[in-house]
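Colleague: I would like to learn how to read charged side chains in a model. Please take me through pairs and patches.

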Amino acid sequence: MTAQAALIPGLERIRARFLDMLVDRLTEIETLCEEPSTDSLRQSQQILHKIAGSAGTLGLQDLGETARVCETRIIEFLDTGNMELSQVYQSLGDFAEIAEDLLTEDS
C-alpha cells in the first residue's frame, strides 16, 4: 500500500465531518441573513472564509471558489461600499445553492 493510498480513508472521514459541519454553517449563514447588519455580514464572511480554505483541500473546488467570491463581495461591500447589497445576497444565494446541491449529492 502506498503512503498516498493510506491517507485517502482518513481524508474521507475528514470530508464527511466537513460536510456535516457544512449543514450547520449553511443554517447559520441563512439565520444571519434574516436580519442584515454589518455584524451579521462580518460573521457570514468569517464562516465563508473558513469554508473556502477547507473546501479546496478536500477536493470541493466549486464550493471553495464560490465561498471565496462571496467572502470577497462581503468585504468589498463593508469596506468600500462599491458593491450593492443585492449583489452580496446574490452571491450568498449562489453559495447556498452549491452547498445544498453538494449535500444532496452526498446523502
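Predicted model: local features only at pLDDT ≥ 70, side-chain atom pairs only at ≥ 80, totals over all residues.

Colleague: How many salt bridges does the structure hold?

Modeller: Side chains of opposite charge can pair when their charged atoms come close. The criterion is a side-chain nitrogen of Lys or Arg within 4 Å of a carboxyl oxygen of Asp or Glu. The structure holds 3 such bridges. One of them joins Arg42 and Asp79, with the closest N and O atoms 2.8 Å apart. Because Arg42 lies in helix H2 (residues 38–57) and Asp79 in helix H3, this pair ties together parts that are 37 residues apart in sequence. Helices here are DSSP runs (H or I, at least four residues), numbered from the N terminus.

Colleague: Which residue forms a salt bridge with Arg68?

Modeller: Glu71 does, at 2.7 Å between the closest N and O atoms. H3 covers residues 61–80.

Colleague: Is Glu71 buried or exposed?

Modeller: Buried means under 20% relative accessible area, exposed over 50%, and partly exposed in between (1.4 Å probe, protein chains only). Glu71 has 5% relative accessibility, so this residue counts as buried, whereas Arg68, at 34%, is partly exposed. The Glu71 side chain also makes a polar contact with that of Gln45 at 3.1 Å; such a contact is a pair of N or O atoms within 3.5 Å, one able to donate a hydrogen and the other to accept it.

Colleague: Which elements give two or more residues to the negative patch?

Modeller: A patch is made of residues with over 30% relative accessible area and no salt bridge, like charges being joined within 9 Å. Asp and Glu count as negative. On the surface, a negative patch gathers residues including Glu12, Asp20, Glu97 and Asp106. Helix H1 (3–34) and helix H4 (85–106) each give two or more residues, and H4 provides the largest share, 6 residues. Glu97 is located in H4 and is partly exposed at 48%.

Methods. Residues numbered from 1 in each chain as written. Heavy atoms only, no water. Patch = residues over 30% accessible without salt bridge, like charges linked within 9 Å, V, L, I, M, F, W, Y side chains within 5 Å. Areas by Shrake-Rupley, 256 points an atom, 1.4 Å probe, with all protein chains shown as cover. Charge placed at Lys NZ, Arg CZ, Asp CG, Glu CD.
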